Amino acid sequence: MLPTTSVNSRNQGNGALNSRDAARHTAGAKRYKYLRRLFHFRQMDFEFALWQMLYLFTSPQRVYRNFHYRKQTKDQWARDDPAFLVLLSIWLCVSTVGFGFVLDMGFFETIKLLLWVVFIDCVGVGLLIATLMWFISNKYLVKQQNRDYDVEWGYAFDVHLNAFYPLLVILHFIQLFFINYVIISDSVIGYFVGNTLWLIAIGYYVYVTFLGYSALPFLKNTAILLYPFALLIMLYLISLAFSWNFTKMLCSFYKYRVK
């Protein structure tokens, strides 16, 4: 008998996986496979990860279209290849070293800043946001409460990483060229340029996050994830009215943390 017609491969034809296949699709098994590939660079598709990073700026919808393909072929929404995470970590290191150089930090201060950015700004905040969005989406946005229709925590974390990457490039790379000569000056143009970059970066984060959850066909009312735009624009206008310089505040905070 062919494997595709085996009675044991499905449970009475209802589409349920048998015990062996089910074990392969558990969250623990997927997590083990993902972490194991972290130590096998030859198994990572860095070219595809670079493609994703490019399209997160130009056409993020195409990135999430690939998540659909992964669900159809590998039965999971979350990434099974850590190449994107590895490249993002490299970007974090390079941009943070550049940030330390621009802020005239010493070697050990730059190392402290790097540890803070990696483990607090990216991983720590990412775990918090991913867990919160995972809970909210499964609790309030799923069309029908069913184990077959739920948001994977790994996918929620992937959405955070996707949204974090453009924010990182804008605030930790593009902004570096304007900090000392434009942004941290006490002029109007300084806090206008700095705060506008913050508006674009956080706006990108909100938009890419919205695209991530709206791409899931079993979620409803995902448009509410765009509501923070109203608060963001309001805060931006208030900051201009009161001459708040977010970048200057961030630089002061980073210098305080590395002392």
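**View 1. Ser-243 in the loop between H10 and H11 of this predicted model.** Ser-243 is found in the loop that joins helix H10 to helix H11, and its phi angle is positive, at about 60°, although Ser-243 is not a glycine. With a relative accessible area of 41%, Ser-243 is partly exposed, because a residue must be over 50% to count as exposed and under 20% to count as buried.

**View 2. Asp-75 in the loop between H4 and H5.** Asp-75 is found between helix H4, which covers residues 60–74, and helix H5, which covers residues 83–102. Phi of Asp-75 is near 60°, which is a positive value in a residue other than glycine. At 30% relative accessibility, Asp-75 counts as partly exposed.

**View 3. Tyr-227 in the loop between H9 and H10.** The loop that holds Tyr-227 lies between helix H9 (188–214) and helix H10 (228–241). Is Tyr-227 buried or exposed? Its relative accessible area is 57%, so Tyr-227 is exposed. Although Tyr-227 and Val-206 are 21 residues apart along the chain, their C-alpha atoms are separated by 9.1 Å.

**View 4. The crossing of helices H6 and H11.** Two packed helices are described by the angle between their axes and by the distance between those axes. For helix H6 (residues 107–141) and helix H11 (residues 246–257), the axes come within 10 Å and cross at roughly 110°, which means that H6 is roughly perpendicular to H11. On the H6 side, the residues that take part in the contact are Leu-113, Trp-116, Val-117 and Asp-121, and these meet Phe-253, Tyr-254 and Arg-257 in H11. Sorted by type, the residues of this contact comprise five nonpolar and two charged ones, with no polar residue among them.

**View 5. Cys-122 and Cys-251, two buried cysteines.** Cys-122 has a relative accessibility of 4% and therefore counts as buried, and Cys-251, at 6%, counts as buried too. A disulfide is a covalent bond between the sulfur atoms of two cysteines. How many disulfides are counted in the model? With sulfur atoms required to lie within 2.5 Å of each other, the count comes to zero.

**View 6. Spans annotated as transmembrane regions in UniProt.** An unreviewed UniProt entry gives the annotation "transmembrane region" to residues 83–102, 114–136, 163–184, 196–219 and 225–247. In the model, residues 83–102 are 100% helix and 0% strand, and the end C-alpha atoms of this span are 29 Å apart. Residues 196–219 are 79% helix and 0% strand, with their end C-alpha atoms 32 Å apart.

Technical notes: Residues are numbered from 1 along each chain as its sequence is written. This is a predicted model: local features need pLDDT of at least 70, side-chain atom pairs count only at pLDDT 80 or more; totals for chains, interfaces and linings use all residues. Side-chain values use heavy atoms; hydrogens and water are left out. Axes are lines fitted to C-alpha atoms, for helices over the stretch in contact, and angles run from 0 to 180 degrees between N-to-C directions. Helices (H or I, at least four residues) and strands (E, at least two) are DSSP runs, numbered from the N terminus. Angles under 35 degrees count as roughly parallel, over 145 as roughly antiparallel, 65 to 115 as roughly perpendicular and the rest as oblique. Contact means heavy atoms within 4.5 Å. Ala, Val, Leu, Ile, Met, Phe, Trp, Tyr, Cys and Pro count as nonpolar, Asp, Glu, Lys and Arg as charged, and the others, Gly among them, as polar. Buried means under 20% relative accessible area, exposed over 50%, partly exposed in between (1.4 Å probe, protein chains only). UniProt positions are given in the numbering used here, feature names are shortened, and annotations may be inferred rather than shown by experiment.
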